[in-house]
Amino acid sequence: MADSATNSSTDLTRGVRANEIADGGTGDRFFAVGAHCTHYHGPLAEGIVVGDTVRCPWHHACFSLETGEALRAPALDPIACWRVERSSDQVFVRDKLPTPSSSARPRSAGSRQRPSSIVILGGGAAGLAAADMLRREGYDGPITMISADQDPPVDRPNLSKDFLAGEAKDDWIPLWPQDLYGEKRIELLLGSPVSAIEPAERTVTLANGARREFGSLLIATGADPVRLPIPGHETAKVHYLRSFADSRAIVDLARSAKHAVVVGGSFIGLEVAASLRTRGVAVDVVARGHVPLEHVMGTEVGRFIQSVHEAHGVTFHMGERVTSLAGRKVSLSGGSTLDADFVVMGVGVKPSTTVAEKAGIAVDRGIAVSEFLETNVPGIFAAGDVARWPDPHTGERIRVEHWVVAERQGQVAARNMLGLREPFDAVPFFWSQHYDVTIRYVGHAERWDSVKIDGSLDRRDATVSFIRGGAKRAVATVSRDRECLEAELALEHSTVAVRKS
Ligand SMILES: Cc1cc2nc3c(=O)[nH]c(=O)nc-3n(C[C@H](O)[C@H](O)[C@H](O)COP(=O)(O)OP(=O)(O)OC[C@H]3O[C@@H](n4cnc5c(N)ncnc54)[C@H](O)[C@@H]3O)c2cc1C
């Protein structure tokens with residue numbers, strides 16, 4: 001890998017001695033690729049090389065070193081790639097290779113039966129990654145993406161982070177420029193909730209009565225915020241955060257607000273707290289339990305995140321709930337009251353399964369899918385927050401709410417809609433950002449017997465392992481991005497048979 005190996009002032013076109021290039025993990029094979037990930041410009045030289053691929057240390061995107069293709073989300077666009085020539089002990093970087101083209105792909109170019117048309121229900125992470133992959137795989141038929149959102153697919157994780165903090169402009173948020181949908185011949189129907197799926201007729205019906213036929217369907221409807229029926233909620237400014245419009249509404253209030261209350265110690269709730277503090281708004285967090293995020297990350301990491309927020313001036317009311325709202329007044333179960341310009345609810349989400357369930361598609365705390373992400377109805381697939389799949393790494397059927405998983409499932413579902421029969425076996429990965437602290441997490445551990453910490457959370461340099469039945473099930477890292485990639489790789493090699501139910 002050229003970037004890890006040579007200093008930036010070296011002119012690689014003039015040749016460089018092979019033995020002067022440090023081994024980036026590819027042995028005596030040499031590749032020359034762009035230095036930065038196309039997702040968030042992560043430094044690829046600090047990532048890891050696995051075979052002839054490189055993985056980004058920030059959000060675990062994976063690129064081919066041979067062609068530059070973005071093989072695994074979250075990056076969707078390729079990195080630049082140059083032809084490399086070796087002449088005796090000299091290595092030369094020659095001309096730039098053409099961008100990998102879908103039509104050049106041998107894998108799916110065969111004569112498999114392809115659907116006459118594809119409808120993608122949902123314009124989020126899974127839906128967009130699927131549409132992108134369908135075209136990359138050379139699918140030429142009509143693709144319609146139907147979304148209840150008013151905006152085209154957006155970088156949802158940013159809505160509680162830089163955008164909410166005022167550090168990202170509006171035009172950073174859309175995943176694709178508007179004209180790319182036309183270029184890729186993807187019909188995009190926005191503000192168009194689908195009210196019914198008719199599996200026998202192979203149609204979907206929109207709330208406005210319009211219908212669309214499909215040869216194959218992907219359900220990628222994501223999840224909806226849980227809404228608590230707090231007495232008096234209609235008298236207060238209560239906000240939820242899922243869409244770009246939701247985030248813009250909170251930004252509008254935050255511009256003049258002095259004090260906000262966040263209800264719920266979830267990742268999204270705490271990221272909102274961090275972004276509001278960055279804007280100078282005073283924040284109180286009201287949450288059940290002793291420590292925020294304890295059930296997902298354990299006591300130590302939960303306490304650490306709480307301490308990071310407290311150092312930035314957030315006040316926690318743990319073990320409490322909001323009993324009523326009255327205008328600006330927020331009453332807590334412990335008897336105290338808070339004054340708030342507005343309230344943000346971050347008490348979790350539930351999978352958006354209503355339309356699928358009505359259609360007779362099997363639902364079990366999420367849409368039940370096979371390892372190929374297909375539902376019980378042939379030709380109808382599901383991906384993302386809405387899907388519960390048989391995870392070969394835990395041996396359980398799991399459903400997660402992670403951006404990268406949703407995109408990767410969209411990609412795999414797309415290939416399977418084209419008949420490739422590729423099992424989904426990625427190790428789940430997510431990240432969360434609180435001020436200047438980013439936590440990365442690989443694996444999946446809903447329960448654990450013990451937590452092992454290497455390093456120090458207080459020094460912000462730690463690897464936290466979640467162990468169950470003697471095996472490492474998940475790893476969270478702070479400032480140890482490479483270790484997180486290595487943990488992902490190790491977990492990829494641990495598979496078990498999935499239990500039947
Ligand atoms: C504020 C915020 C911050 C986040 N931060 C992170 C993070 O840091 N790291 C991380 O890993 N994950 C994060 N997540 C989670 C991540 O965004 C989700 O896991 C991911 O978006 C799921 O993708 P999806 O495609 O399944 O659903 P979504 O992206 O939610 O897309 C669902 C789509 O379906 C549409 N839809 C739903 N019902 C219908 C219907 N009946 N008809 C038509 N359309 C419908 C919706 O309008 C939407 O377009 C965050 C989420 C939020 C909200």
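Biologist: How far apart do domain 1 and domain 3 lie?

Modeller: Their C-alpha centres are 43 Å apart. Please keep in mind that this is a predicted model. The chain is divided into domain 1 (2-100), domain 2 (118-224 + 350-417), domain 3 (233-347) and domain 4 (436-492).

Biologist: What makes you say that the ligand lies between domain 2 and domain 3?

Modeller: Both domains give residues to the shell around the ligand, so the ligand lies between them. That shell holds 36 residues, the closest being Gly 122, Gly 124, Gly 222, Gly 384 and Phe 430. Helix 2 (125-136), helix 9 (403-417) and strand 30 (429-434) each supply at least two shell residues.

Biologist: Why are strand 17 and strand 20 called edge strands?

Modeller: Strand 17 (238-240) and strand 20 (315-318) each have a single partner strand, so one side of each is left without a neighbour in the sheet. The sheet is open, with five strands in the order 17-24-18-19-20 and parallel pairing. From one strand to the next, the twist averages 25°.

Biologist: What makes strand 18 and strand 24 a pair?

Modeller: A pair needs at least two bridges. Strand 18 (residues 259-263) and strand 24 (residues 342-345) have four, in the parallel sense, so by that rule they pair. Val 261 stands opposite Val 343 in strand 24. Helix 5 (residues 244-254) packs on this sheet, touching strand 17 and strand 24, and its direction makes about 140° with that of strand 17.

Biologist: Which strands form the antiparallel sheet, and in what order?

Modeller: Three strands form that open sheet, in the order 21-22-23. Strand 21 (322-326) and strand 23 (337-339) are its edges, as each pairs on one side only. Neighbouring strands are turned by 20° against each other on average, direction ignored.

Biologist: How do you know that strand 22 pairs with strand 23?

Modeller: Strand 22 (residues 329-332) and strand 23 share three bridges in the antiparallel sense, and the rule asks for at least two, so the two strands count as paired. In one of these positions, Lys 329 has Asp 339 of strand 23 as its bridge partner.

Biologist: Which peptide bond is cis, and what is its omega?

Modeller: The bond joining Ala 73 and Pro 74 is cis, with omega about 20°. Pro 74 sits in the loop between strand 6 (70-72) and strand 7 (81-87).

Biologist: What makes His 60 stand out?

Modeller: His 60 has a positive phi of about 65° although it is not a glycine. Its place is in the loop between strand 4 (53-55) and strand 5 (62-64).

How values were computed: Residues are numbered from 1 along each chain as its sequence is written. This is a predicted model: local features need pLDDT of at least 70, side-chain atom pairs count only at pLDDT 80 or more; totals for chains, interfaces and linings use all residues. Axes are lines fitted to C-alpha atoms, for helices over the stretch in contact, and angles run from 0 to 180 degrees between N-to-C directions. A residue is near a molecule or strand if its C-beta atom, placed from the backbone, lies within 6 Å of it. Domain bounds come from an automatic or database domain assignment. Two residues are in contact if their C-beta atoms, placed from the backbone, lie within 7 Å.
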